[in-house]
Amino acid sequence: MTAENDPAAGPLRAAARELVDIALTIQDAAAHATAALTDDALLRALPHAPSAARQTYRALLRATTNRQGLGCALTGGRLATVSAKAGAMLGAESLAVRVLATSLRLRVAAVAVAHPELTGDPMLARLIDAAAADRDLEAVRALRSLLKDRGAVHALSQLAPVFGEVLALRALLDENPLNDATAWLIATGKGFATADPITGMSNRAVAVLDTGEGAARRIELTAAESARLCTRGSLLGFLGNISTIGTTGRALVQSVEGPDGVIRHVLQAPGMRVGRPDGESPQDLLGAFSSAVLASSPYSRALAEAVADYGLPPGAELALVGHSAGGAAIMNLAQDPDFCARHTVTHAVAVGSPVDFKHPADPRTWVASVTNQHDIIPTLDGQGAGTCFDLHPDWYVVDYGDSTHLFPHCHSIEHYLANITDHLPEARDLIDERLTPFRGQVVRSQAYLLFDRPPDPEEFPFLTVPTRAVESPEGTVELPIRCRDGNALTAYFAVRPTAAAGLLEGTGLGPAVQVAGHALVAVHAAWNRHTSAGGYGELHVGVVAPGPFRRRSRPPVWSDLLRRRSCLSVWPDLLRAADLRRSGSFLVGSAVDTTIVRALGPRLWGGETYLTPLELRLGTRSAHVTVGQILTLRGRLGPGLPLSDPGLVGYTREAGAVLRSCVRTRGQARLHPAPSLRLVVEPQSTHPLADQLCELGLDGARPLLCLSATTRQTLRDAAVPVPPA
Amino acid sequence: MSAQIAAIIAHAEVLRSDARALAACTERLRAIEAGLKAGGGAPHWLHASVTAHLAACAAAAADLETAAQRLSRYADEASP
């Protein structure tokens, strides 16, 4: 039920409106008296009648400062404004402010008709009374009691229907002069709340921090998401799509074939994206704020970009549907004359959005606003359930209350969907009826990822390299393989030197790099999500070696010392960029999980490459690697030191030659000096790589250190033979 | 008549009009209270608030009327 329709609330709202008129009359009188008091004309005439001038000034001062009359009523002009703010700081309100406060209290009383808990609940009533009576300490105590007793969620939810009124009451009556203008706007319904009603901080000052021309890039939905999109146009279908897309920085454009056979289009915009307040997405907190406060925002400009890219025929009919910040953003599009000149915006439906002060550019645009009275977000423009103004008599406004009072739950698109489905059949049917031209088969859907400003091409500059096509038994692939998005884990283990020595014999790569008398073995797992060869996982196991062309051993007396020096000099080399590095892993086995990359294995790194399922789950704190019937490596990574991802260098022996392969990387990695992972070879596995791991003594082993990279780009080209010494 | 005198007279007229408007506000306030009382929907605190506003409006109207008279007299005496 909407409070607007409650007959008992009507007279209270009418009385509140009348009081606003009276307050404005009083304010006008105060402004006129102030203007007279500060007019130079009076001062210039003073020499001609000093006695009358004195009496006149005295009368005007009394009229503008008499606490029994207009109160501290100086207004208009810089000096008068400063004086009035000084008066406010001393707690001397004007009569106009006191009348407005009465109007706001009547608005609270009107809301209480539909929400008796507001006055029936002693704690809420105490808070509202204290706010209305300008008893600061009492109001703070009442709020603290309410929060303690109900918790923040319940307290906010219960206050939500009169949130704007209570804030405006406090702002009108408190000693902070910075929030007075906002309180006036809320109380008189003259415009958007221009500042935070508590602190007085300018909303516009915050909103202008959200900069950017807005951009949209086509993006494919997952199969599961695509399957959940509506196949026929309807209000519930479009809102369901918004729920499916979620608050992920995306928007959706669909085309529907109407009952008359005409193709029409629907833009669907979700609410705020959870995460950084000012990220790359226009759906962040700042974006939500600017969409509500400003006439044009990066979010609405990004939506316009999406519509432009979608390619609507000139004059095509377009409906706009948005939730929360998305509702404010689509209303910004609807009030953009240029956008409306390019497209025929026939409908705008905003759900749970602060849109009271938006005005469509085309008067023919039909607007519907659906808000839950316990949802605070739609009241952020200052007008909520308690408003006594009919700001848009031509809109279809549904302001309802339901039994679930909990904010932010009641703000979610899922909650609105449930309410519209189950509790608001009349509103649903009416909006659906108005959307009849859009209620047909969906013939096209395209999702967009939105940005504050156009993103750099994902492959530029690191992955923008010359490429060539190579044939493989599984198909044609471009080399180098360019990975736009991947992650990797390299774990270094200490093994018996004898186990490694035999593997390196005759390779010319030198003795294995040693730590405390043990040889070093690297287990490298990578998940390459998006590459020019498709997504694939890979595993490489190798003995870490200094690489070719190292100095030979010296006379026996110095040999021991020099070998130690040689080993020490390898460590800095291990962290050098891959294309400059001499040291690397002599690969004893490799595995991948796609046939095409397996087919390329001999060309990419040489040696035997196995095909097996491979999974890498890598977070900042833990890692979990599962490689088919070969191994599991999992556990906590421990603290990490940031460094540039050094990439990977691998060596293999192929037909008497040694091949060097290299993975060049771009991204940050972390060196974990004390990981607590454990490698377990799959029990009873007969896989050759599993046998190899057991021979190296890695079953049950813990790595000495790990290198993790949760986001990186890579370039992997074909291996090249190491030139003969 | 100099521009200053004309301005002072204009201020006096505006304030006199405002005094009348504020006097009318007292009637509007009474009507609000009476209307809500008749409908049985007047909050318990309304009477005290309206009474205070009535007194303030009456006082403000008197102050403005006095200021208007003083302005008129000032204009008379300052005229050459």
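Predicted model: local features only at pLDDT ≥ 70, side-chain atom pairs only at ≥ 80, totals over all residues.
β11(A) and strand β13 (residues 518-531) of chain A pair in the antiparallel sense over 12 bridges. Two strands count as paired if DSSP finds at least two bridges between them. Helices (H or I, at least four residues) and strands (E, at least two) are DSSP runs, numbered from the N terminus.

Residues are numbered from 1 along each chain as its sequence is written, while chains are lettered from A and ligands numbered from 1 in the order in which they are written.

β11(A) has another partner. Strand β25 (residues 705-716) of chain A is joined to β11(A) by 9 bridges, and these two strands run antiparallel. Here A:Tyr492 has A:Leu705 of β25(A) as its bridge partner. Strand β11 itself spans residues 481-495 of chain A and is mostly covered, with 11 of its 15 residues buried. Buried means that 20 or more other C-beta atoms lie within 10 Å of the residue's own; exposed means 12 or fewer, partly exposed is in between, and C-beta atoms are placed from the backbone.

| Strand pair | Sense | Bridges |
|---|---|---|
| β11(A) and β13(A) | antiparallel | 12 bridges |
| β11(A) and β25(A) | antiparallel | 9 bridges |
| β18(A) and β19(A) | antiparallel | 6 bridges |
| β3(A) and β4(A) | parallel | 5 bridges |

**Chain A overall**

Chain A has 725 residues, and buried residues make up 50% of them. Its secondary structure comes to 23 helices and 26 strands. Take the contacts in chain A between residues at least 6 apart in sequence: 72% join residues at least 24 apart. Two residues are in contact if their C-beta atoms, placed from the backbone, lie within 7 Å.

**Two open sheets**

Strands of a sheet pair through backbone hydrogen bonds, either parallel or antiparallel.

In chain A, 8 strands form an open sheet with mixed pairing, in the order β1-β8-β2-β3-β4-β5-β6-β7. β1 (215-219) and β7 (396-400) stand at its edges with a single partner strand each, so one side of each is left without a neighbour in the sheet. The twist of this sheet averages 20° from one strand to the next. Within it, β3 (residues 263-269) and β4 (residues 317-323) run parallel. A:Ala269 has A:Gly322 of β4(A) as its bridge partner.

A further open sheet of chain A has 4 strands, ordered β17-β18-β19-β24, with antiparallel pairing. Its edges are β17 (614-618) and β24 (676-681); each has a single partner strand, so one side of each lacks a neighbour in the sheet. The twist here averages 5° from one strand to the next. β18 (residues 622-627) is joined to β19 (residues 631-636) in this sheet, and A:Ala623 stands opposite A:Gly635 in β19(A).

α13(A) lies across β2 (250-257), β3, β4, β5 (344-351) and β8 (441-451) of chain A, running at about 45° to β3(A). Axes are lines fitted to C-alpha atoms, for helices over the stretch in contact, and angles run from 0 to 180 degrees between N-to-C directions. A:Leu235 is found in this helix, which covers residues 235-245. A:Leu235 is buried because 26 other C-beta atoms lie within 10 Å. Leaving aside neighbours within four places in sequence, A:Leu235 is in contact with A:Val349, A:Ile420, A:Arg428, A:Ile431, A:Asp432 and A:Leu435. The C-alpha atoms of A:Leu235 and A:Arg439 are separated by 8.7 Å, although the residues are 204 apart along the chain.

**Where the chains meet**

35 residues of chain B are in contact with 37 residues of chain A. On the chain B side, α1 (3-38) and α2 (46-78) are the elements that give two or more residues. α1(B) gives the most, with 17 residues.

Helix α1 (residues 9-37) of chain A packs against α1(B) at an angle of about 160°, with their axes 10 Å apart. That makes the two helices, α1(A) and α1(B), roughly antiparallel, a term for angles over 145 degrees. Residues making the contact include A:Leu19, A:Ile22 and A:Ile26 of α1(A), and B:Leu15, B:Leu22 and B:Leu29 of α1(B). By class, this helix contact has 16 nonpolar, 4 polar and 3 charged residues. Ala, Val, Leu, Ile, Met, Phe, Trp, Tyr, Cys and Pro count as nonpolar, Asp, Glu, Lys and Arg as charged, and the others, Gly among them, as polar.

Definitions and conventions. Parallel < 35°, antiparallel > 145°, perpendicular 65-115°, else oblique.
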